[in-house]
Amino acid sequence: MLTSHCTMLSELLQGNDSGGFLVIQDSCRYSGRDLLRSFISSALDREEVVHVLCFESSEEELKDGLRAPGLQRLHFHNAYSDPLGWMDHSAFTVDKFSFEELTHLVKQSPHSRPATLVIDSLTWILRHVSPPAVCKTLQQLKKGGAVRAVAALLHADMHQRGTVGSVCHLATSVITVSPGIKGDEALAKITKRSKSGKVLQDEEIFSIKEDLTVTIQNKPSHLGHKQADPEEQQTDPTANLTFNLRLSDTEREAKEKLALPFMFSKEKKTALLHPNQGSGRILYEPDANDDFDQEDPDDDLDV
Amino acid sequence: MFTELNSILNSTPDSFTQGEFILLSDRQSDASFLIHHFLSFYLRARCKVCFLGLVQSFSHYSAVSQRLGVSLTQAKEKGQLVFFEGLKESLSILIPQEGNTESQAMDFLRDPAVGLRSLYEFVVSSVSGAGRAPEGPEEWGPPVLLVDDLSVLLSLGVAAGAVLDFSHYCRAAVCSQLQGNVVMLVRCGGDEEEDEGDDEGSAWLLRGLTHQCSLALHVQGLPTGYCRDIHGQVEVCWRRRRADGQHTQTKLFQYKVHDKGASFFARGTSSAVL
């Protein structure tokens with residue numbers, strides 16, 4: 001369902017390898033939930049079984065926009081209406097966030113295939129469960145066989161930097177989203193760790209349509225400021241001049257023929273070396289005043 | 001009720017989006033005029049309203065609403081409005097008097113560590129009667145919860161995390177389950193830079209609530225300083241996809257509060273400037 005097929009973002013959404021752990025990091029300036037829902041949508045399109053552990057949005061909000069054929073493979077675990085057990089009829093409370101409980105939960109579904117687990121969001125869990133416990137559970141989920149892959153949303157501006165750092169260290173891929181320049185565009189910074197240990201980083205501009213398809217624009221490095229002001233790029237500074245900047249062929253010929261005053265040609269050289277005889281001569285006859293005696297410099301004084 | 005704000009938010013008392021969580025916030029400014037707007041708006045829309053007034057007395061809200069053309073006393077008598085007067089309730093807990101039937105809602109004053117579960121239970125009990133009217137012929141529309149304001153709870157010793165839990169539960173019950181609306185005000189003091197590292201303060205609470213809300217109105221003073229004709233600016237941010245398919249969108253307006261209303265205009269188009 002993705003329009004572009006070779007970018008890192010589409011690769012991540014289209015199907016990560018088993019054992020993968022994707023973190024979508026957002027802030028209150030731009031919500032990453034739509035991207036998470038696009039991930040769910042494309043996972044369902046790939047015929048995968050998806051379990052959603054939902055703390056922050058209701059079932060209706062989450063399912064809005066998802067295509068019907070996949071919905072039977074989507075298992076919604078409601079941790080939204082009563083996450084702390086205040087009302088005594090909760091489906092999932094936050095203290096149940098442990099490897100054993102989650103494995104049990106995922107295995108309850110009739111599908112035998114390993115499922116993809118989506119968590120909306122880790123922030124809710126991290127506010128009530130200590131970060132080391134959360135990290136331990138996530139690590140066990142990555143290694144254990146019940147869950148094929150995990151994708152989670154994290155509001156980075158709600159935690160200390162260390163907590164965000166330790167969660168992101170566990171992740172195989174991190175997508176950090178922030179608002180883009182134009183209306184519905186957003187910027188994604190992607191860090192991907194491959195199994196060999198190689199780390200790839202990239203930045204992409206994307207937008208999400210109503211049916212949750214992700215359109216990836218050109219890379220920001222090619223667009224960047226150019227896109228911000230397309231008029232500037234198009235204007236030609238030599239377009240509307242009051243004078244002529246270009247030469248026609250005849251004009252060029254005439255220009256090349258012209259000898260400039262400082263150029264030293266053969267004619268000039270001979271004219272300087274052999275001046276014409278008899279044209280202008282200086283005649284000089286010395287008079288008495290020119291008879292200057294070196295021995296007596298005061299000879300001309302009447303003393 | 002300010003008609004200009006209604007047209008900005010594209011809502012009227014006859015037709016408004018249900019299930020919305022509206023967050024009002026201010027920084028070095030006063031957003032309480034918006035609380036009065038929404039209170040009169042939802043009373044006119046014939047909603048069942050639960051108002052948690054933690055900042056002012058009932059007579060204050062009543063006097064302001066009177067100017068906006070809504071009578072709180074009447075609404076209370078008709079059963080449309082449940083008014084929780086935080087100042088009185090807290091007094092009855094701090095200075096227990098005989099014959100005073102104290103409610104459980106402000107239990108957290110005795111021990112802030114228990115959280116706001118009892119306050120939430122009070123909210124649920126007062127809004128769940130919406131739709132049916134047990135003691136009158138009148139029937140009310142979707143329930144609405146208004147809180148003025150959440151920062152008071154922080155001052156009373158409640159942890160910011162507990163306030164977020166409270167707002168989450170209110171959203172789940174009122175917005176999602178009952179298809180009503182929630183309006184909450186939160187105040188931030190000081191500069192933005194000061195609050196950055198603050199882990200449990202009002203700025204952190206504001207960020208947490210922003211993640212929860214569907215519409216945020218943030219009131220600030222003018223960056224250029226005091227002005228007699230422009231009282232400040234409001235940033236309106238739609239955080240959900242709207243019916244017309246538009247994405248997160250932010251608009252900035254300047255405002256002036258009048259005696260009986262407020263006017264909103266685009267930046268630089270104040271009548272004093274043009």
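Is Arg33(A) buried or exposed? It counts as buried, at 10% relative accessibility. Keep that residue in mind. A quick reminder before we go on: this is a predicted model.

Let's start with charge. Side chains of opposite charge can pair when their charged atoms come close. Over all chains, the structure holds 18 salt bridges. I'll pick out some of them.

Back to Arg33(A). Its side chain meets that of Glu56(A) in a salt bridge, 2.7 Å from N to O. This pair links distant parts of the chain. Arg33(A) sits in helix H2 of chain A, residues 33–45. Glu56(A) sits in the loop between strand E2 (50–54) and helix H3 (59–63) of chain A. The two are 23 residues apart. And what about Glu56(A), buried or exposed? Glu56(A) is at 8% relative accessibility, so it counts as buried.

Next pair. Arg46(A) forms a salt bridge with Glu48(A). Their closest N and O atoms are 3.0 Å apart. Here the two partners need separate labels. Glu48(A) is buried, with a relative accessible area of 11%. Arg46(A) is at 27%, so it counts as partly exposed.

Third pair. Lys63(A) and Glu59(A) form a salt bridge, with 2.8 Å between the closest N and O atoms. Where do they lie? Both are in helix H3 of chain A. They are 4 residues apart, about one turn of the helix. Lys63(A) counts as partly exposed, at 25% relative accessibility. Glu59(A) counts as partly exposed too, at 29%. Over in chain B, salt bridges that share partners make one network. Its members are Asp26(B), Asp30(B), Asp149(B) and Arg187(B).

Now cysteines. A disulfide is a covalent bond between the sulfur atoms of two cysteines. How many does the structure hold? The count over all chains is 0. Take Cys213(B). The closest cysteine sulfur is in Cys237(B), 7.2 Å away, so that is too far for a bond. Cys213(B) is buried, at 1% relative accessible area. In chain A, Cys54(A) is buried as well, at 0%.

Last stop: helix H6 of chain B, residues 117–127. Which of its residues are buried? They are Ser118(B), Leu119(B), Tyr120(B), Val123(B), Ser126(B) and Val127(B). What do they pack against? Three strands of chain B come up: E2 (47–53), E3 (81–85) and E4 (141–148). Helix H8 of chain B, residues 160–177, is a packing partner too.

Terms used. Residues are numbered from 1 along each chain as its sequence is written. Chains are lettered from A and ligands numbered from 1 in the order in which they are written. This is a predicted model: local features need pLDDT of at least 70, side-chain atom pairs count only at pLDDT 80 or more; totals for chains, interfaces and linings use all residues. Side-chain values use heavy atoms; hydrogens and water are left out. Buried means under 20% relative accessible area, exposed over 50%, partly exposed in between (1.4 Å probe, protein chains only). Contact means heavy atoms within 4.5 Å. A disulfide is a pair of cysteine sulfur atoms within 2.5 Å. A salt bridge is a side-chain nitrogen of Lys or Arg within 4 Å of a carboxyl oxygen of Asp or Glu.
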